[in-house]
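Please study the sequence and the three-dimensional structure shown here, then work through the exercises below.

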Amino acid sequence: MSSLRSKDGTGIAYEQRGNGPALVVVDGALATRMGGSKEELVELLSPNISVYCYDRRGRGESGDTPPYSVDREIEDIAALIDEAGGVAFLYGHSSGGCLALEAAGVLGTKVSKVALYEAPWNDDPEAQKAWGKYIERLTDALGSGRRGDAVALFMEYTGMPAEQVNGMRHAPFWSELEAIAPTLAYDHVAIMGRSGAVPAGRLSAVLIPTLVMCGGSSFPFMRATAQTITQALPNGELRILDGQTHDVQPAALAPSLTEFFLN
């Protein structure tokens with residue numbers, strides 16, 4: 001593990017593996033730098049790409065200097081790109097894809113290409129009502145210090161049965177999720193917005209080549225959202241990964257990322 005200082009002095013923990021042009025991986029909600037299937041994805045990418053995985057602020061071994069702002073998260077990405085040599089690709093999963101797009105629109109020539117998988121904005125009016133209620137309950141739980149309830153709320157919102165969530169509360173890893181629960185507000189309130197709608201106007205400022213991906217077996221709204229994002233981007237390309245869900249498999253994802261970034 002290595003670390004650097006972001007513009008505001010916050011320590012950001014990261015790992016670098018592989019050789020080739022640099023890629024910064026931007027995680028979604030509650031994910032940490034080498035959690036889940038990240039090890040396998042990095043192994044598949046690293047023969048041709050220098051992969052930088054980091055703990056977003058407020059997670060893992062990175063610091064968290066208040067007050068939070070999306071601009072500070074973009075500064076963290078900029079610091080990683082500087083560490084990587086000044087220019088890099090970005091890849092973001094889920095709400096990390098939303099942040100990657102925001103960063104690409106701000107950082108100019110520091111980002112040469114950006115890819116994302118299932119950024120979970122949703123333009124459906126009924127879905128936006130449900131999102132608004134989720135944001136209200138999330139804000140209340142975090143404001144009351146009920147971090148476990150905030151994590152449970154998010155999991156249930158994504159479709160996990162309540163009894164399964166209740167069982168997870170007794171698992172050894174639950175305390176780790178509670179520790180980073182405040183970052184749910186970073187992703188869902190600050191980055192995705194209180195309406196949860198696709199920010200088409202801001203996306204029009206992302207001029208670089210952008211690969212927008214979704215899973216062929218994922219939630220139906222993900223394809224509609226991916227199509228809307230692609231249409232809003234001046235240089236967007238849509239790719240549907242057959243048989244994949246929101247929990248995309250590295251073996252299905254890595255070839256698309258490698259092809260897009262290296263060609």
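Two exercises with worked solutions follow. The model is predicted: local features need pLDDT of at least 70 and side-chain atom pairs count only at pLDDT 80 or more, while totals for chains, interfaces and linings use all residues. Residues are numbered from 1 along each chain as its sequence is written, and side-chain values use heavy atoms, leaving out hydrogens and water.

**Exercise 1.** Describe the surroundings of R59.

*Solution.* 
Step 1. Locate R59 in the loop between β4 (50-54) and α2 (70-83). Helices (H or I, at least four residues) and strands (E, at least two) are DSSP runs, numbered from the N terminus.
Step 2. List contacts (heavy atoms within 4.5 Å). Beyond four places away in sequence, R59 touches residues including D27, G28, I180 and D187.
Step 3. The side chains of R59 and D187 are also joined by a polar contact of 2.9 Å; such a contact is a pair of N or O atoms within 3.5 Å, and within protein one must be able to donate a hydrogen and the other to accept it, with residues adjacent in sequence counting only if both atoms are side-chain atoms.

**Exercise 2.** Determine the order of the strands in the sheet.

*Solution.* 
Step 1. An open sheet of 8 strands has the order β1-β2-β4-β3-β5-β6-β7-β8, with mixed pairing. Two strands pair if DSSP finds at least two bridges between them.
Step 2. At the edges are β1 (2-5) and β8 (236-241), each pairing on one side only.
Step 3. β1 pairs with β2 (residues 11-17) in the antiparallel sense over 4 bridges.
Step 4. R5 has G11 in β2 as its bridge partner.
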